[in-house]
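Dear colleague,

Here is the structure I promised to hand over, and I would be grateful if you could look through it alongside the notes below.

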Amino acid sequence: MSQDLWGTDSDLPEIGSGLTKNDRFSAILVALLTVAALGLGLITKQRSSTDTWPYESREAGISINYPTGWLTDERGDYVVRMRDPKARPFKTQYIITIVPMGGQTSTRNVLDGLTLQRSADLSAYRVLNVQEMTVSGVKSTKMSFAFVDADPNPFIQRLPVAVMGIDFLILDENRAIIVTFMSDKQMFEENLPTFERFMSSLRY
Amino acid sequence: MAYMSTHTYARCTVCGQTLSRTLEFKNRYYCDVHYGLFYQNTRPLWRASILTFGFLVAALLGFAIGNQLAPERFRDTVQSGTGIFIAILPALIWIISLYRIGAQTQFQLSPLPITIFVLGALLSAAVTRPFLYNIVNLDIWIGSTTASNRLMGNILLNGFTHTFTLYAIIRYIAWDSPAFMRRTDGVMFALAASWGYASLINILYVIDLGEITLLNGSLRLITQLCIFLTTGLILGYFIGRNRFEDAPVYHLSVGLIMAATVNGFMLYASSALNSTSLSLTQSGFSPWPGLALSMGGLALTFSTVRGLMQRQNALTQAKLEQIA
């Protein structure tokens with residue numbers, strides 16, 4: 001018999017082979033399920049990255065939410081310093097300082113005082129910009145600066161790091177609240193949104 | 001000439017051969033040869049697995065005793081070459097004993113488990129590791145987040161990534177192969193993929209560290225192995241069943257969820273349990289609780305999967321004999 005007369009296997013309707021409709025849908029469902037689980041996992045990760053812990057200082061009359069896992073330190077001439085212990089080579093940090101303001105003290109005086117002090121303490125300290133702005137509905141002064149962080153120990157084999165920072169100075173009756181952000185220049189833009197969330201949680 | 005026919009034809013689920021006489025079981029069609037095979041036991045699989053698990057227990061005791069007796073310089077560090085040897089040895093024992101027992105019992109095994117073993121190793125190094133640790137940065141996040149987030153992250157990111165990779169290897173490499181001719185072959189292929197996958201994770205762990213400690217480092221390698229083998233057993237059971245039955249659409253998904261959840265939970269728990277209290281006499285770390293959990297989980301899963309497979313095979317055999 002010729003092939004034309006009898007047809008071929010492929011011409012016949014198939015009733016059974018390796019894959020059924022259930023198998024095909026099952027393969028799609030497994031892939032979708034995996035994508036959904038990974039998506040949910042990434043969302044959980046993203047959300048927890050923005051998790052915060054509350055900080056309150058009754059003495060200074062401020063409260064603020066800082067990133068989970070950061071270390072706080074209240075031993076310096078500031079209200080609190082919060083540092084990211086995992087940041088390398090320079091530890092990203094937020095510093096809150098309260099400066100008393102007399103009747104004759106202006107915002108400029110406070111910022112100049114900071115500049116003079118930092119010029120003595122920090123290598124290659126430079127003020128980059130000073131501008132008036134509104135943060136979370138509050139008028140404040142923003143001062144951008146940069147310096148070089150170099151370990152004083154000459155035997156430490158590490159390149160000096162360029163650090164960028166911002167001071168926000170907020171006038172509150174007879175005091176100025178200065179919130180400072182400092183980060184490795186390479187990571188500055190990446191760390192800025194976290195600092196903005198930190199700033200927006202400030203209550204005084 | 002146009003051809004119209006009302007005739008139908010079927011192909012064998014295993015070999016794809018066009019069938020003149022259709023033998024059906026749960027909406028799958030078989031040729032005469034494979035109809036009598038799919039519910040048979042892959043005998044070398046269980047024996048090789050029991051032998052290798054026995055070796056793992058013996059190795060464990062060896063490390064514990066060796067740690068007490070060995071000079072301090074050997075206890076502190078094991079060189080990376082020795083570490084790699086410790087990481088790969090159990091997998092080699094499993095593969096070699098699988099084929100040796102197969103040869104001794106005249107049970108013909110295809111070379112596909114070796115291919116799948118190698119593929120599992122390659123995918124773990126080339127796909128999941130870069131994805132989890134370079135793109136998602138999972139280790140950094142897991143190390144700094146809360147316990148509940150660690151559990152969620154381990155299940156959703158670690159568990160599903162590892163389990164889907166193992167699933168994909170079997171589903172897209174072994175599923176259509178004529179070498180996949182028994183339900184228990186699903187477990188064999190899943191275990192082969194898991195051995196390769198886990199062994200390379202362990203090898204890369206040793207290479208990353210440069211050297212490991214004799215006891216803690218070796219026990220960590222065994223813990224990881226047990227976790228991935230448990231995942232492979234669960235996955236293999238569901239794939240093995242689905243291959244020879246037209247199971248509901250959700251069947252494989254349930255298997256994947258179970259395997260991924262167990263994988264993530266064991267990864268989380270083995271790490272969390274190893275953190276003990278810190279005191280003058282305790283270092284704050286003990287590898288034993290995590291190891292006990294993963295070995296117990298493996299033993300329980302192995303006996304459950306083996307028992308379920310054997311029961312289903314016996315039931316299928318009885319049913320087919322009744323029909324005949």
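What follows is a description of what was found, arranged by topic.

First, the conventions. This is a predicted model, in which local features need pLDDT of at least 70, side-chain atom pairs count only at pLDDT 80 or more, and totals for chains, interfaces and linings use all residues. Residues are numbered from 1 along each chain as its sequence is written, chains are lettered from A and ligands numbered from 1 in the order in which they are written, and side-chain values use heavy atoms, with hydrogens and water left out.

I begin with chain B, which is divided into domain 1 (1-36) and domain 2 (40-323), the bounds coming from an automatic or database domain assignment. The C-alpha centres of these two domains of chain B lie 37 Å apart, and 11 residues of domain 1 are in contact with 15 residues of domain 2, where contact means heavy atoms within 4.5 Å.

Between the chains, Thr20(A) deserves a look. Thr20(A) sits in the loop between strand S1 (14-16) and helix H2 (21-49) of chain A; helices (H or I, at least four residues) and strands (E, at least two) are DSSP runs, numbered from the N terminus. With a relative accessibility of 13%, Thr20(A) counts as buried, the classes being buried under 20% relative accessible area, exposed over 50% and partly exposed in between (1.4 Å probe, protein chains only). If residues up to four places away in sequence are not counted, Thr20(A) touches Asn27(B), Arg28(B) and Asp246(B). With the side chain of Asp246(B), the side chain of Thr20(A) also makes a polar contact of 2.7 Å; a polar contact is a pair of N or O atoms within 3.5 Å, of which, within protein, one must be able to donate a hydrogen and the other to accept it, and residues adjacent in sequence count only if both atoms are side-chain atoms.

Residues of both chains also contribute to a nonpolar surface patch of about 350 Å², made by Leu29(A), Tyr250(B), Val254(B) and Met258(B). Patches are made of residues with over 30% relative accessible area and no salt bridge, like charges being joined within 9 Å and nonpolar side chains (Val, Leu, Ile, Met, Phe, Trp, Tyr) within 5 Å, while the areas come from the Shrake-Rupley method with a 1.4 Å probe, and for residues only the protein chains shown count as cover. Of these residues, Met258(B) is found in helix H10 (residues 251-274) of chain B and is partly exposed, with a relative accessible area of 40%.

Turning to charged pairs, a search of the whole structure finds 12 salt bridges over all chains, a salt bridge being a side-chain nitrogen of Lys or Arg within 4 Å of a carboxyl oxygen of Asp or Glu. Among them is the pair of Arg58(A) and Glu56(A), at 3.3 Å from N to O; Arg58(A) is exposed at 76%, and Glu56(A) is exposed at 52%. Another joins Arg175(A) to Asp172(A), with the closest N and O atoms 2.9 Å apart, and here Arg175(A) is buried at 16%, as is Asp172(A) at 18%. In chain B, Arg182(B) forms a salt bridge with Asp185(B), the closest N and O atoms being 3.4 Å apart; Arg182(B) is buried at 9% and Asp185(B) is buried at 1%. Salt bridges that share partners also join Lys26(B), Arg183(B), Arg241(B) and Glu245(B) into one network.

A cis peptide bond, with omega about -5°, joins Arg88(A) and Pro89(A), and Pro89(A) lies in the loop between strand S5 (80-83) and strand S6 (93-100) of chain A. Glu173(A), although not a glycine, has a positive phi of about 50°; Glu173(A) belongs to the loop between strand S9 (161-172) and strand S10 (175-184) of chain A and is exposed at 78%. In chain B, Gln106(B) likewise has a positive phi, near 55°, in a residue other than glycine, and Gln106(B) is placed in the loop between helix H4 (80-104) and helix H5 (112-135).

Finally, Leu235(B) is found in helix H9 (residues 214-243) of chain B and is buried, with a relative accessible area of 2%. Leaving aside neighbours within four places in sequence, Leu235(B) is in contact with residues including Thr163(B), Leu166(B) and Gly255(B).
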